[in-house]
Amino acid sequence: MAPKIEELPDDYELSDGNKTHFESPASKQAPPKKNPFADELKKKTIRRSADDVYPQHKGLNKPQFKREKPIDILFEQLETLLDTPSDNLTLETLNQRIFNSTTNRESRLRVVEYLLDRLLEIQRYSLEPQFKDKSIIAISLHDVKTFSKLVNTIIIHGIYPALNVFHIGIPFAKRMLKDAKQNKKPVGIDKLEGPEPAIDLLKLLYEKFFTLFQTPSDVTELLSKGSGVSDFITISIALCTISQTNHDKYISEYPIVEKVPDTFELLQIYSLLLTSTSPDYFKNFVSSHLQRLHYKAPRGSGLLALIEYVLGLRDQDEIDIARFDHVANVVLLKPKTINTKDYFTSIGKQCYDLLVNINRPTVASCVTYILEKLWSRNKLVVKDFFLKQVWDKFNPKPDKPGVLVAEAQLNNAVNVLLSLTQKGLEPSFYRAVMTPILLPLWGYYLFLKRNAKSVESITTILTVYFTIMNDSDSKDLAGIDVIAKNLCFESGDGWRFAMGPNNMVQIESNKKEFTLESKEYKVNKFIVDLDFACTNFITLLENVHDDMVQFLFIKVLKQWLSGSNLIGGDEESPFIKLIDLKLLESIGEKFKESLARTPSEMLVIVQSFLNSKFDEEEDHDDAMHDSDDEDEEKEEILPILLQLLSAILSENDIVIDDQCTEHLSAIKSSLFNLAKQNVNENIKSSAHALESRIGDILSGDIAATNAIDDQKLTLTRAITSLNDPLAPIRAHGLYLLRQLIEARSDVLSLDFVINLHLVQLKDPEPFVYLNVIKGLESLIEWDEPVVLKTLCDIYVNKETELDERLRIGEVILRYIQVSNETFQGESANLIVESTLSVIRRHDADDDRMRMSAMSLLGMCCKVNPLGLIGKLEDALDCAIGILNLETTSDKAIMRRAAVVLIQDLILGTSETDKIQFPEKYREKVVTILKYVASTDNDIFVREQAQKVLDIIEELVRLGMELYLESNT
């Protein structure tokens, strides 16, 4: 019988222990089954009152906090007062709402005063402590909109009606007033009757704003960022210049007013005011303050503001290197009324402070460019007002006890040198900077090493300096021999390096103290210090060019052989001889291969030494009486010289000319004599081997050196430098390459050199990029058709990166400017065709490229209109087409460029009688310009079009005068 299977219920559970229990199915009612096909019953909704849903009466559009603070209540009142669009918020409306009275002559003054008082009241409330975190602005985001409306109302009904009486200030249409811009209908400015009410209004505005800006607050911060501060400056200048006012008070307070905005904002305000249609007396005041702003800014940052403004650092990604000249010209053009010492003291201090900041390479490059230009004009000014600041930090006068140069000061001086290094200075200027402080820098390097600190910055400074000086003159040791003579330099005259409280290096006074140290201790310390210094010196030499190492080795070797010393006395210094010997040994061991590549002078030294010490005619008896010291000296130097000679003879790429052959013959004889002397057996065997090797060389074919070998070496150095991580080294690599290009060297392939420059064109460093442009200019001079064709192909190619195309455009622009009247023929036709093809692309190319092309085309006509023969009408068609078809607001920059192109074409053709402006386009151009000047949606396009119309009118007037003069 099959076993019976027992089914357990679903609710079977385990209880305590092993016991089980069952819960009866009947004791648990199952949920009723639902019919899936039955219609669902409609849900009933219950209407409830708002009090049931929100028993606390918190409405959805009511804030959960109450605005009970005085500043909140004030803003609610202002919101109600100004709750009307700007074009409808008239003086009558404001007067009615504020004073509930009819408008009269005094109403404007009363309304503006009321609004200004509310502004001061907001400032007073905002200064009350409201938040624990003081960085939180007291004015809420909701109230900022009301604040902006209040300021705009003061401008519309107070500032501009008063200024317009005297035609002073920036035109209202250019103002970026948000409330006004949102209205299609332009906001109208009321006209005042006569200057008296205008002056009263200006005085009221001045007094209120002057009081407001004297107390820093959230209100002054908001006014400084937008409208407000520029109006205050304009009002102040107006009261300083308007003839109907007493100027004394306002002129005496103007220095305080100038401190309100930061220097960059002040420079922008002055520049805008100069471009306005204000009277001459107003502009003269602005111009006089603008001229001295870069050296005597109220906040002391005039030069930085000038650099940022001219280069466009705050609003542009691409920097035009040509603008460096604009900055330099402004700085070097010292106003005659300013004291020379005061002027250059300020400029020198600002230059130093700007170079301290190594995180702004473009600013540092521009400052360095200014210093170089000033150096070429007046070296003493640069030395007295700039370089002395650097020198005094590394070699201070011990005129006080304790710390002479603090940690921060010394670190800042290092940063200044780093900034100068990044640019790669002109050699004579670079030498003037570094020569007085080369030994202190070496001492600083050793001190950092001894204290296990990073020497990367000092290594970079010294390496770049030696490399650049070697590139300018391969035989110039640039002071590295001075370091070799003072290898163990630790301190200067009355000062020494020390660790400061922040674990950074400082310089402190060093009094000479008597110490009870034995001679043995001093000698041992000297030897240890010498080993340490020599090891670090060799490490530094590894980053220096081989030529410099070779010339240093030769100089030290000559010095050792001649027994010269530092102080120039007749007696030899054993310590100096020990330093020289240690250097010779270390350099010879580390750089044996590089020393052997250019052997001529080295062979002369070896020959001279061997002839003087081991001549076969030397009297043997006299030699027996030589001192032991002299024998030891011979034993010390001989192995070094023989090893060097062996390396020279073993070098595969050695080039031996006739002069080297003569030296080798003499050395062979000396080696034969040396082998017969009473010297070490190892030296004898080395002499025999070298004599045999020289004999083999002399019996074989001898290669002759020529200029091609030198050029190949220069090319190798240039390509190596281009791969260096340091920007100044890369720039010098391009300089070396440019020298070969200008020499039309046979070792260069044109395609290879062009591609090499195009690769470097992408370098972000401005002065590398500047050297690329100079190199491409030299390439154009070498083979104009080929290079220009390559550049134009890249310029018109849409697949090429935009930045690279724009930089190629700059190269072409410089070529056009340099060509001047020779700009014509096939090259001119190629450039004009390329620019026209880019301009015609409309939406198929970046507008920045099309603007670049139009600027090139305009420059072509300004430089030599003959280069546009046959293409002048095409250029006009492009410009007119842009003005007719590209009318949207995002195309405003294209319309501006088109108007400027028309201006260039008009001016270019007006300056020569060889080509005329096309007659059939004259009326068309005037018509389109008049239409643009009156209807364009961009004020700058309208202004530019009106300016061109004025030029046309002036040219017509001059033409009529000439015609009348010729007929009388």
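Strands β5 and β6 form a hairpin with five residues between them, and Asn 503 in the turn has a positive phi of about 60°. Helices (H or I, at least four residues) and strands (E, at least two) are DSSP runs here, numbered from the N terminus. This is a predicted model, in which local features need pLDDT of at least 70 and side-chain atom pairs count only at pLDDT 80 or more, while totals for chains, interfaces and linings use all residues. Residues are numbered from 1 along each chain as its sequence is written, and side-chain values use heavy atoms, with hydrogens and water left out.

**The sheet around the hairpin**

- Strand β5 (residues 495–499) is joined to β6 by five bridges in the antiparallel sense; two strands count as paired if DSSP finds at least two bridges between them.
- Within this pair, Met 499 stands opposite Val 505 of β6.
- Strand β3 (residues 403–405) also pairs with β6 in the antiparallel sense, over two bridges, and there Val 403 stands opposite Glu 508.
- Together, four strands make an open, antiparallel sheet in the order β3-β6-β5-β4.
- The edges are β3 and β4 (491–492), each of which pairs on one side only.
- Strand β6 (residues 505–509) is mostly covered, with five of its five residues buried; buried means under 20% relative accessible area, exposed over 50%, and partly exposed in between (1.4 Å probe, protein chains only).
- Helix α18 (residues 407–423) lies across β3, β5 and β6 and runs at about 120° to β6. Such axes are lines fitted to C-alpha atoms, for helices over the stretch in contact, and angles run from 0 to 180 degrees between N-to-C directions.

**The whole protein and its cores**

- The protein has 43 helices and six strands, and buried residues account for 47% of its 968 residues.
- Of the contacts between residues at least 6 apart in sequence, 72% join residues at least 24 apart; contact means heavy atoms within 4.5 Å.
- The largest nonpolar core holds 206 residues, and Phe 386 and Phe 466 have the most contacts inside it. A nonpolar core is a set of buried Ala, Val, Leu, Ile, Met, Phe, Trp, Tyr and Cys residues joined through side-chain atoms within 4.5 Å.
- A second, separate core has 74 residues, including Ile 154, Leu 212, Leu 267 and Phe 285.
- With neighbours within four places in sequence left aside, Phe 466 touches Leu 438, Leu 477, Ala 478, Ile 480, Ile 483, Leu 540, Val 544 and Met 548.
- As background, nonpolar side chains in soluble globular proteins tend to be buried together.

**Helix pairs**

- Helix α7 (residues 195–213) packs against helix α8 (residues 218–225) at an angle of about 115°, with their axes 9 Å apart.
- That makes α7 roughly perpendicular to α8; angles under 35 degrees count as roughly parallel, over 145 as roughly antiparallel, 65 to 115 as roughly perpendicular and the rest as oblique.
- Phe 209, Leu 212 and Phe 213 in α7 meet Val 219, Thr 220, Leu 223 and Ser 224 in α8.
- Helix α41 (residues 892–910) and helix α43 (residues 939–966) have axes that come within 9 Å and cross at roughly 10°, so the two helices are roughly parallel to each other.
- Their contact includes Val 899, Ile 902 and Ile 906 of α41, along with Val 948, Ile 951 and Leu 955 of α43.

**Helices α33 and α34, and His 757**

- Helix α33 (residues 727–742) and helix α34 (residues 750–760) pack at an angle of about 155°, with their axes 12 Å apart, and are therefore roughly antiparallel.
- Leu 734, Leu 737 and Ile 741 of α33 make this contact with Val 753, Leu 756, His 757 and Gln 760 of α34.
- His 757 is found in α34 and counts as buried because its relative accessibility is 0%.
- Leaving aside neighbours within four places in sequence, His 757 is in contact with Leu 734, Leu 737, Ile 741, Val 772, Gly 775, Leu 776 and Leu 779.

**Leu 641**

- Leu 641 lies in helix α29 (residues 628–650) and, at 2% relative accessibility, counts as buried.
- Its C-alpha atom is 9.6 Å from that of Leu 584, and Leu 641 and Leu 584 are 57 residues apart along the chain.
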